[in-house]
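Okay, thanks for making time, everyone.

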Amino acid sequence: MNVIHSLLTRNNITLALSIFGAVGTLLSWIFSAVQNRQNIKIEIVGHRISRKNNFLLVYMLFENKSHLPILITNISVKLGSTWYPCRKFPSIVFFESLKQKDEITFHNEHYSLSFPIYIISLGGSSGYIYFDFPESSLPPDATYLTFQFSANSGKAIEMKLSLGDRLDQ
């Protein structure tokens, strides 16, 4: 009993409380850093390659798995040793029309995504991304390409992604 009384001094209790407080603060900071780090999943659903017009069109899905919004400011694709940026302004990538007795009954234009792409926390976005090239430099049987994504975190992320299904079949 005397041993317990000798350990329960004002200085020892203060030391124990400060250690518990420091450990709690450290754990809280680590949990906050893990929960708020940028975590994005990117997938290509389909693609279309035109060697005649030198373009690549991909339909991408973006899923933000973090508690902070993410702003994608640029996407580039690597062909050989050169990075080619995507078109940043929305443009018509393809359209579909239905005719009935020489009269158009339905017409829909599909646009590429405009930049920057804003993805809310724990949310997602999808759309067409359009790349044009100065010359035909796409590999004939490409199934995987390396993409570079620039976001509001300041550092670019490189990912090798499957091109998915062909969109023109």
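So, how many bridges join β3 to β9? Six, and the two strands run antiparallel. For the bookkeeping, strands here are DSSP runs of E, at least two residues, numbered from the N terminus, and two strands pair if DSSP finds at least two bridges between them.

Before I go on, this is a predicted model: local features need pLDDT of at least 70, side-chain atom pairs count only at pLDDT 80 or more, and totals for chains, interfaces and linings use all residues. Residues are numbered from 1 along each chain as its sequence is written, and side-chain values use heavy atoms, with hydrogens and water left out.

Back to β3, which covers residues 70-79 and holds Asn 74. Its bridge partner in β9 is Ser 150. Asn 74 counts as buried because its relative accessible area is 18%; the cut-offs are under 20% for buried, over 50% for exposed and partly exposed in between, with a 1.4 Å probe and protein chains only. What does the side chain of Asn 74 make a polar contact with? That's the side chain of Lys 88, at 2.6 Å. A polar contact is a pair of N or O atoms within 3.5 Å; within protein, one must be able to donate a hydrogen and the other to accept it, and residues adjacent in sequence count only if both atoms are side-chain atoms. If you leave aside neighbours within four places in sequence, Asn 74 is in contact (heavy atoms within 4.5 Å) with residues including Pro 85, Phe 115 and Gln 148.

Now β9 itself, residues 144-151. Leu 145, Phe 147, Phe 149 and Ala 151 make up its covered face, while Tyr 144, Thr 146, Gln 148 and Ser 150 sit on the uncovered one. On its way out, β9 pairs antiparallel with β10 (residues 156-162) over seven bridges, and Leu 145 has Leu 161 as its bridge partner there. That hairpin has four residues between the strands, and Gly 154 takes a positive phi near 95°.

Next, the core. A nonpolar core here is a set of buried Ala, Val, Leu, Ile, Met, Phe, Trp, Tyr and Cys residues joined through side-chain atoms within 4.5 Å. The largest one has 29 residues, and Phe 147 is among those with the most contacts inside it, along with Met 60, Phe 62, Ile 75, Ile 129 and Phe 131. Which strand gives the most to this core? It's β3, with five residues. There's also a second, separate core of five residues, including Phe 55 and Tyr 128.

Over to the other sheet I wanted to show. It's open, with four strands in the order β8-β2-β1-β11 and mixed pairing. β8 (124-132) and β11 (165-166) are at the edges with a single partner strand each, so one side of each has no neighbour in the sheet.

Last thing, salt bridges: a side-chain nitrogen of Lys or Arg within 4 Å of a carboxyl oxygen of Asp or Glu. By that rule we get one, between Asp 132 and Arg 87 at 2.8 Å, N to O. Asp 132 is in β8 and Arg 87 is in the loop between β4 (82-85) and β5 (92-100), so the pair ties together parts 45 residues apart in sequence. Asp 132 is partly exposed at 31%, and Arg 87 is partly exposed too, at 25%.
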